[in-house]
Amino acid sequence: MGTITLEGLEFFAYHGYYPEEQRIGNKYALDIIITTDFYKAAQEDKLSETVNYETIYQIVSKVMTEPAKLLEHIGFTVIERIREHYPVVANITVKVSKFNPPVGGVCTRAMITMEG
């Protein structure tokens, strides 16, 4: 078993609980950690035997175009979509960050972490 990690995937999207957030948009970042058996890919040097980074990016990019109110919903949907494409992975951890969230004060990022 090993992990494949994509860190700092950045998107500008129109998520948020408040209508203003949905209208103005904001910057988001995601980190994806996938635990899987990639022994065969490492041994045979075949991309078809492992998780393709480009495919993961495309999945996340599509999810980020779909309006959501909560970071939790984004994380859940990313996990669900990755599992649809790669059902044999052992575990997926997703961190979703929103920059400068509307908290009434200074806050660089709000972040959730989900596993599934």
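Predicted model: local features only at pLDDT ≥ 70, side-chain atom pairs only at ≥ 80, totals over all residues.
Reader: Hello! How do I read the pairing of strand 1 and strand 2: in which sense do they pair, and over how many bridges?

Author: Strand 1 and strand 2 pair in the antiparallel sense, over ten bridges. As a general idea, the strands of a sheet pair through backbone hydrogen bonds, either parallel or antiparallel. Two strands count as paired if DSSP finds at least two bridges between them. Strands (E, at least two residues) and helices (H or I, at least four) are DSSP runs, numbered from the N terminus. Residues are numbered from 1 along each chain as its sequence is written, and side-chain values use heavy atoms, with hydrogens and water left out.

Reader: What is the order of the strands in the open sheet?

Author: Four strands make up the open sheet, in the order 1-2-3-4 with antiparallel pairing. Strand 1 and strand 4 are the edge strands, each pairing on one side only. Going across, strand 2 (residues 26-36) meets strand 3 over eight antiparallel bridges; there, Thr35 has Asn91 of strand 3 as its bridge partner. Strand 3 is also joined to strand 4 (residues 109-115), running antiparallel, by seven bridges. On that side you can find Lys98 opposite Ala110 of strand 4.

Reader: Why is strand 3 called largely enclosed by the rest of the structure?

Author: A residue is buried at under 20% relative accessible area, exposed at over 50%, and partly exposed in between (1.4 Å probe, protein chains only). Strand 3 spans residues 91-99, and seven of its nine residues are buried, so the strand is largely enclosed by the rest of the structure. For a contrast, turn to Tyr18, in the loop between strand 1 (2-13) and helix 1 (19-24). Tyr18 counts as partly exposed because its relative accessibility is 45%.

Reader: Which residue's side chain meets that of Lys98 in a salt bridge?

Author: A salt bridge here is a side-chain nitrogen of Lys or Arg within 4 Å of a carboxyl oxygen of Asp or Glu. By this rule the count comes to five. In one of them, the side chain of Lys98 meets that of Glu21, at 2.5 Å from N to O. The pair links distant parts of the chain, with Lys98 in strand 3 and Glu21 in helix 1, 77 residues apart. Lys98 and Glu21 are both buried.

Reader: Which residues are linked in a network of salt bridges?

Author: The network links Lys62, Glu66 and Arg81. Glu66 meets Lys62 at 3.3 Å, N to O, and Arg81 at 3.1 Å, N to O.

Reader: Which residues does the UniProt domain annotation cover?

Author: UniProt positions are given in the numbering used here, feature names are shortened, and annotations may be inferred rather than shown by experiment. The unreviewed UniProt entry carries the annotation "domain: Dihydroneopterin aldolase/epimerase" over residues 4-116. Across residues 4-116 the chain is 35% helix and 33% strand, and the end C-alpha atoms are 15 Å apart.
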